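Thanks for coming, everyone. I'd like to walk through one model today, starting with a pocket and ending with a helix. Here it is on the screen.

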Amino acid sequence: MIRALIYKDYKLFTNDQLPIILFQYLVILVLIGVNAGIYSYIVLTIAGAWSFLIGTIEKEKLGNGKKLLYAVSYTKEQLVLSHYLGVLLQFFIITGLYLVFSSVMTFLKVSYFPLLTKEFFFGAAIAYLYFVAITMPLYYLLPQTAVRLISIALIFVPAYSARFFIVSVGRKEALTILERIWSSGIYGIAIIAVLLLIVSERFVVAMEKRQEG
(Lines give C-alpha, C1' and ligand atoms only; values in the text may rest on other atoms or scores of the structure.)
Protein backbone atom coordinates (compact mmCIF):
# COMPACT_ATOMS: atom_id res chain seq x y z
CA MET A 1 0.00 0.00 0.00
CA ILE A 2 2.87 2.38 0.77
CA ARG A 3 4.33 1.67 -2.67
CA ALA A 4 1.03 2.65 -4.30
CA LEU A 5 0.99 5.93 -2.36
CA ILE A 6 4.56 6.75 -3.38
CA TYR A 7 3.67 6.00 -7.01
CA LYS A 8 0.65 8.29 -6.62
CA ASP A 9 2.91 11.07 -5.33
CA TYR A 10 5.24 10.78 -8.31
CA LYS A 11 2.33 10.80 -10.74
CA LEU A 12 1.05 13.91 -8.99
CA PHE A 13 4.52 15.46 -9.03
CA THR A 14 5.31 14.86 -12.70
CA ASN A 15 1.76 15.33 -13.98
CA ASP A 16 2.94 13.91 -17.33
CA GLN A 17 5.54 16.70 -17.55
CA LEU A 18 8.70 14.77 -16.68
CA PRO A 19 10.78 16.17 -19.59
CA ILE A 20 9.98 19.72 -18.47
CA ILE A 21 10.94 18.94 -14.87
CA LEU A 22 14.23 17.38 -15.97
CA PHE A 23 14.96 20.41 -18.14
CA GLN A 24 14.32 22.72 -15.17
CA TYR A 25 16.75 20.70 -13.04
CA LEU A 26 19.34 20.91 -15.83
CA VAL A 27 18.98 24.69 -16.04
CA ILE A 28 19.40 25.02 -12.25
CA LEU A 29 22.45 22.78 -12.35
CA VAL A 30 24.12 24.71 -15.16
CA LEU A 31 23.36 28.16 -13.74
CA ILE A 32 24.71 27.26 -10.30
CA GLY A 33 27.40 24.84 -11.42
CA VAL A 34 29.31 27.38 -13.51
CA ASN A 35 29.95 29.39 -10.34
CA ALA A 36 29.82 26.77 -7.58
CA GLY A 37 31.08 23.57 -9.20
CA ILE A 38 30.21 20.48 -7.22
CA TYR A 39 28.36 22.58 -4.63
CA SER A 40 25.63 22.85 -7.25
CA TYR A 41 24.87 19.18 -6.52
CA ILE A 42 23.90 20.01 -2.93
CA VAL A 43 21.71 22.92 -4.02
CA LEU A 44 20.09 20.80 -6.72
CA THR A 45 19.18 17.97 -4.34
CA ILE A 46 17.51 20.31 -1.87
CA ALA A 47 15.78 22.23 -4.65
CA GLY A 48 14.53 18.83 -5.85
CA ALA A 49 13.03 18.14 -2.43
CA TRP A 50 11.32 21.52 -2.49
CA SER A 51 9.83 20.99 -5.94
CA PHE A 52 8.65 17.50 -4.96
CA LEU A 53 6.89 18.76 -1.83
CA ILE A 54 5.25 21.58 -3.75
CA GLY A 55 4.15 19.16 -6.46
CA THR A 56 2.66 16.64 -4.05
CA ILE A 57 1.58 17.96 -0.66
CA GLU A 58 0.44 21.36 -1.91
CA LYS A 59 -1.54 19.83 -4.78
CA GLU A 60 -3.02 17.25 -2.43
CA LYS A 61 -4.17 19.96 -0.03
CA LEU A 62 -5.68 22.07 -2.80
CA GLY A 63 -7.55 19.12 -4.24
CA ASN A 64 -8.64 17.66 -0.89
CA GLY A 65 -6.90 14.48 -1.96
CA LYS A 66 -6.34 13.30 1.60
CA LYS A 67 -10.05 12.94 2.24
CA LEU A 68 -10.39 10.67 -0.77
CA LEU A 69 -7.41 8.55 0.29
CA TYR A 70 -8.79 8.17 3.81
CA ALA A 71 -12.10 7.12 2.30
CA VAL A 72 -10.41 4.16 0.58
CA SER A 73 -8.94 2.87 3.84
CA TYR A 74 -5.48 4.45 3.82
CA THR A 75 -4.41 5.49 7.32
CA LYS A 76 -2.83 8.77 8.33
CA GLU A 77 0.38 6.95 9.23
CA GLN A 78 0.60 5.40 5.76
CA LEU A 79 -0.09 8.67 3.98
CA VAL A 80 2.45 10.67 5.99
CA LEU A 81 5.09 7.93 5.75
CA SER A 82 4.64 7.75 1.97
CA HIS A 83 5.35 11.50 1.70
CA TYR A 84 8.59 11.10 3.64
CA LEU A 85 9.71 8.01 1.73
CA GLY A 86 8.83 9.64 -1.59
CA VAL A 87 10.87 12.74 -0.93
CA LEU A 88 13.81 10.62 0.29
CA LEU A 89 13.63 8.64 -2.94
CA GLN A 90 13.84 11.95 -4.78
CA PHE A 91 17.33 12.45 -3.34
CA PHE A 92 18.64 9.27 -4.94
CA ILE A 93 16.95 10.06 -8.25
CA ILE A 94 18.62 13.47 -8.42
CA THR A 95 21.94 11.97 -7.33
CA GLY A 96 21.70 9.50 -10.20
CA LEU A 97 20.95 12.32 -12.63
CA TYR A 98 23.94 14.31 -11.38
CA LEU A 99 26.23 11.29 -11.72
CA VAL A 100 25.18 10.80 -15.34
CA PHE A 101 25.49 14.50 -16.13
CA SER A 102 28.88 14.97 -14.44
CA SER A 103 30.23 11.83 -16.14
CA VAL A 104 29.23 13.22 -19.53
CA MET A 105 30.76 16.62 -18.71
CA THR A 106 33.97 14.98 -17.50
CA PHE A 107 34.15 12.98 -20.73
CA LEU A 108 33.72 16.24 -22.66
CA LYS A 109 36.46 17.81 -20.49
CA VAL A 110 34.12 20.41 -18.98
CA SER A 111 35.53 21.22 -15.54
CA TYR A 112 32.49 22.92 -13.99
CA PHE A 113 30.78 19.68 -12.95
CA PRO A 114 33.30 17.38 -11.22
CA LEU A 115 32.48 13.82 -10.30
CA LEU A 116 30.74 13.28 -6.98
CA THR A 117 32.88 12.39 -3.97
CA LYS A 118 31.67 10.49 -0.91
CA GLU A 119 32.18 13.59 1.25
CA PHE A 120 29.85 15.67 -0.90
CA PHE A 121 27.37 12.81 -1.22
CA PHE A 122 27.03 12.35 2.53
CA GLY A 123 27.15 16.09 3.13
CA ALA A 124 24.29 16.60 0.68
CA ALA A 125 22.36 13.69 2.22
CA ILE A 126 22.64 15.21 5.69
CA ALA A 127 21.61 18.67 4.46
CA TYR A 128 18.71 17.03 2.63
CA LEU A 129 17.52 15.25 5.79
CA TYR A 130 17.59 18.49 7.76
CA PHE A 131 15.69 20.33 5.03
CA VAL A 132 12.95 17.69 4.81
CA ALA A 133 12.66 17.33 8.59
CA ILE A 134 12.23 21.09 9.05
CA THR A 135 10.00 21.93 6.09
CA MET A 136 7.66 18.93 5.97
CA PRO A 137 5.66 19.87 9.10
CA LEU A 138 5.38 23.44 7.80
CA TYR A 139 3.24 22.25 4.88
CA TYR A 140 0.71 21.05 7.46
CA LEU A 141 0.98 24.13 9.68
CA LEU A 142 1.41 27.24 7.53
CA PRO A 143 -0.08 28.79 4.38
CA GLN A 144 1.60 27.93 1.09
CA THR A 145 3.21 31.34 0.63
CA ALA A 146 4.89 31.26 4.03
CA VAL A 147 6.23 27.74 3.46
CA ARG A 148 7.61 28.69 0.06
CA LEU A 149 9.43 31.72 1.46
CA ILE A 150 10.93 29.69 4.30
CA SER A 151 11.96 26.94 1.90
CA ILE A 152 13.65 29.41 -0.45
CA ALA A 153 15.54 30.87 2.50
CA LEU A 154 16.64 27.42 3.63
CA ILE A 155 17.95 26.67 0.13
CA PHE A 156 19.69 29.87 -0.85
CA VAL A 157 20.89 31.40 2.43
CA PRO A 158 23.15 28.42 3.29
CA ALA A 159 24.23 28.12 -0.36
CA TYR A 160 25.31 31.74 -0.66
CA SER A 161 26.79 31.68 2.84
CA ALA A 162 28.91 28.71 1.82
CA ARG A 163 29.92 30.53 -1.36
CA PHE A 164 30.88 33.63 0.65
CA PHE A 165 32.84 31.44 3.07
CA ILE A 166 34.78 29.81 0.23
CA VAL A 167 35.58 33.16 -1.40
CA SER A 168 36.60 34.69 1.93
CA VAL A 169 38.99 32.00 3.16
CA GLY A 170 39.94 30.45 -0.17
CA ARG A 171 38.93 27.13 -1.72
CA LYS A 172 41.88 25.19 -0.33
CA GLU A 173 41.41 26.45 3.22
CA ALA A 174 37.65 25.88 3.02
CA LEU A 175 38.17 22.28 1.96
CA THR A 176 40.61 21.79 4.83
CA ILE A 177 38.03 23.07 7.32
CA LEU A 178 35.34 20.86 5.83
CA GLU A 179 37.63 17.85 6.08
CA ARG A 180 38.19 18.59 9.77
CA ILE A 181 34.44 18.80 10.37
CA TRP A 182 33.97 15.58 8.42
CA SER A 183 36.56 13.68 10.45
CA SER A 184 35.51 15.01 13.85
CA GLY A 185 31.75 15.46 13.89
CA ILE A 186 30.05 14.18 10.77
CA TYR A 187 28.62 11.07 12.41
CA GLY A 188 27.06 13.03 15.25
CA ILE A 189 25.54 15.51 12.79
CA ALA A 190 24.18 12.62 10.71
CA ILE A 191 22.63 10.88 13.74
CA ILE A 192 20.94 14.12 14.80
CA ALA A 193 19.59 14.55 11.26
CA VAL A 194 18.06 11.06 11.26
CA LEU A 195 16.55 11.54 14.71
CA LEU A 196 15.14 14.91 13.69
CA LEU A 197 13.56 13.31 10.62
CA ILE A 198 11.90 10.63 12.77
CA VAL A 199 10.60 13.25 15.21
CA SER A 200 9.33 15.31 12.26
CA GLU A 201 7.41 12.35 10.83
CA ARG A 202 5.88 11.48 14.20
CA PHE A 203 4.92 15.13 14.73
CA VAL A 204 3.11 15.29 11.39
CA VAL A 205 1.23 12.05 12.14
CA ALA A 206 0.19 13.46 15.53
CA MET A 207 -1.04 16.66 13.87
CA GLU A 208 -3.08 14.70 11.35
CA LYS A 209 -4.67 12.61 14.09
CA ARG A 210 -5.44 15.72 16.13
CA GLN A 211 -7.23 17.27 13.16
CA GLU A 212 -9.32 14.13 12.84
CA GLY A 213 -10.31 14.35 16.47
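**The second largest pocket**

Start with α3, which gives the largest share of the lining of the second largest pocket, 7 residues. Keep in mind that this is a predicted model. The pocket holds about 400 Å³ of space. Its lining has 19 residues, and the closest to the pocket's centre are F13, I21, Q24, Y25 and S51. Which elements give two or more residues to that lining? They are α1, α2 (18-36), α3 (39-62) and α7 (144-169).

Buried or exposed, which is D9? D9 is buried, because its relative accessible area is 0%, and buried means under 20%. What does the D9 side chain meet? There is a polar contact of 2.7 Å between the side chains of D9 and K8.

Last stop, α5. This helix covers residues 76-107, 32 residues in total. From first C-alpha to last, α5 reaches 47 Å. That is close to the 46 Å expected at 1.5 Å a residue. And what comes just after α5? There, K109 takes a positive phi of about 65°.

That's the tour. Over to you for questions.

How values were computed
Residues are numbered from 1 along each chain as its sequence is written. This is a predicted model: local features need pLDDT of at least 70, side-chain atom pairs count only at pLDDT 80 or more; totals for chains, interfaces and linings use all residues. Side-chain values use heavy atoms; hydrogens and water are left out. Buried means under 20% relative accessible area, exposed over 50%, partly exposed in between (1.4 Å probe, protein chains only). A polar contact is a pair of N or O atoms within 3.5 Å; within protein, one must be able to donate a hydrogen and the other to accept it, and residues adjacent in sequence count only if both atoms are side-chain atoms. Helices (H or I, at least four residues) and strands (E, at least two) are DSSP runs, numbered from the N terminus. The expected span of a helix is 1.5 Å times one less than its number of residues. On a 1 Å grid over the protein atoms alone, a cavity is a set of points where a 1.4 Å probe fits but cannot get out, and a pocket is an open set with protein on both sides within 12 Å along at least five of seven lines; lining residues have an atom within 4 Å of a point. Grid points are joined across faces, edges and corners, and a volume is the space filled by probe spheres set on the points.
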